[in-house]
Amino acid sequence: MSTPEPAPAPETKPFAEIPHNGLFRALRMLLSAGAARRDMLTSLTEQYEALGPVVVQIGGPIRFVNLFGPDANRFVLMDREQIFSARRPWTQIMGRIFPNGLLLRDGADHKHHRKIMHEAFTRPVLRDYAERMGPKVSAGIDNWDAAGSPIGAFKAFKALTLDLAASIFIGTDLGPATRRMNSAFEDMVAASMSRLRLRIPGLEFYRGLKGRAFMLGFLGGMLEKKRADQGLDMFSRLCRARSEEGDVLLDGEVLDHMIFLMMAAHDTTTSTLTSLTYELARHPGWQQRLREESRALGIELPGYDDLDRLQGLTWAMYETLRRYPPLPVIPRIATQELEFGGYRIPGRTMVVVSPIHTHHMSQWWTEPWRWDPDRFSPDRAEQDRHTHHWIPFGGGAHMCIGRRFAETQVRLVMHQLLLRYRWTVPDGYRMPIQQAPISKPLDGLPVNFAPLQ
Ligand code: HEM
């Protein structure tokens, strides 16, 4: 008996046959660039539902390919074939404002820098950061009830995380420099999204360059001392960090890493804290459950290892990162032709995966629009359905180096807030969100903090 012929492999289709979002949609997106920044999820969901998992998105002069779903996330982020560059897209986006940051490096160069920087993120070092952060958090949330009326939670968290960054990263209390540094970072992040990238006074981009110059001057002035002392802050640690091979960072490299780290750290944790505060205000039952958990811990200033005992708080944080990933999309540029989902994609194409979209796919999450921390409990463990359908911290070689630091900070702050205050938002309030470049509330999130008896 003859064996049947194997079925011919399905042919991969050329780039030109990839469904695209159409001229009408492209025009609509161009005209409503602001709206797209505010609500990326709607546009991404529309594209996926109408056109499938591989879609060319045309938005004015920019053309890129959206790859949807956890398999795409794994393919792009794990990059087993080493075909994707993180350096190229991130350099296009923020290279003039945050040059040489870890995310703006590829291949062996990236590996080399990441190995040296790892020294500042090991478990014993994180334990030390946590210990030093506790009292700062405690002082930083004093008087949040003093106004007797709602305060802007986003602004309050931003000031707090910047203070923490100054103290843990730079090893100094900023005092009057806080405001200048805050506005420097705001200007730099805004400039990295600017369309008009000209060095002309008055323009957003120019303000970003000035912000960078301020940070270089501020940190550069401390470099000699940091090189000499045995400080425990991240700046000092980066100054003396060595890879196993004995490599160290040069002065300019330390400064560039510090500026990038502070940006990457404080906007993302501010975003997470704000969204979590909002959801706990809307779910007073959860707020009370977490308060009781924090009380049961019996420690006002928990250490790094105590925080994992706050199980409910950890699920609530993970669920918040699912619903509101601070980084909604992750770009790469293909360095050579590739095949995915039955299509050929030429080299030099920008390819984008979307945590925010995957986190709301009903194939992977039960009632994805519901904020439901119990989905992370061992009984339900929805996060175990795929390796790459929960990716707030990315994945692969560029997976967030600050993940454990961020998780520590968010839980330390929340734990202390839960022990000190009960907070609310007005009935029926819905937080208006701008999802890109980093998720944040458009109205600053007014929250009423009341002291606990
Ligand atoms: C909730 C908070 C945070 C979120 C959601 C977050 C998210 C991410 C994501 C998605 C990436 C990967 C981007 C890509 O692959 O293109 C990333 C990379 C990175 N993050 Fe975070 N991040 C957070 C906090 C932090 C903190 C606290 C630090 C520093 C202490 C930090 C430092 C970095 C650095 C240096 C990279 C680049 C890593 C590399 O290229 O090897 N992040 N982060």
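Which helix gives the most residues to the shell around the ligand?

Analyst: Helix α13 does, with six residues. A caution before the rest: this is a predicted model, where local features need pLDDT of at least 70, side-chain atom pairs count only at pLDDT 80 or more, and totals for chains, interfaces and linings use all residues. Numbering runs from 1 along each chain as its sequence is written.

Start with the shell. Of the 22 residues around the ligand, A265, T268, G394, C400 and G402 come nearest. Two elements give two or more residues each: α13 and α17 (403-420). Helices here are DSSP runs of H or I with at least four residues, and strands are E runs of at least two, numbered from the N terminus. By class, the shell has 15 nonpolar, six polar and one charged residues. Ala, Val, Leu, Ile, Met, Phe, Trp, Tyr, Cys and Pro count as nonpolar; Asp, Glu, Lys and Arg as charged; the others, Gly among them, as polar.

Now the core. A nonpolar core is a set of buried Ala, Val, Leu, Ile, Met, Phe, Trp, Tyr and Cys residues joined through C-beta atoms within 7 Å. Buried means 20 or more other C-beta atoms within 10 Å of a residue's own; exposed means 12 or fewer; partly exposed is in between; C-beta atoms are placed from the backbone. The largest core has 81 residues, and A165, F169, L238, M258, M262 and V413 touch the most other members. Helix α13 (residues 251-282) supplies the largest share of this core, 14 residues. L238 touches M117, A120, L249, V254, H257 and M258, leaving aside residues up to four places away in sequence. Contact means C-beta atoms, placed from the backbone, within 7 Å. A second, separate core of 21 residues includes A72, F75, L77 and V351.

Helix α9 also meets α13. The buried residues of α9 pack against α5 (87-94), α8 (153-170), α10 (204-220) and α13. Those buried residues are M181, A184, F185, D187, M188, A191 and S192. Seen down the axis of α9, they fall within an arc of 165°, so they line one face of the helix. The arc is that of the directions from the helix axis to the C-beta atoms.

Last, a backbone detail. A cis peptide bond joins A436 and P437, with omega about 0°. P437 sits in the loop between β10 (433-434) and β11 (440-441).

How values were computed: Two residues are in contact if their C-beta atoms, placed from the backbone, lie within 7 Å. A residue is near a molecule or strand if its C-beta atom, placed from the backbone, lies within 6 Å of it.
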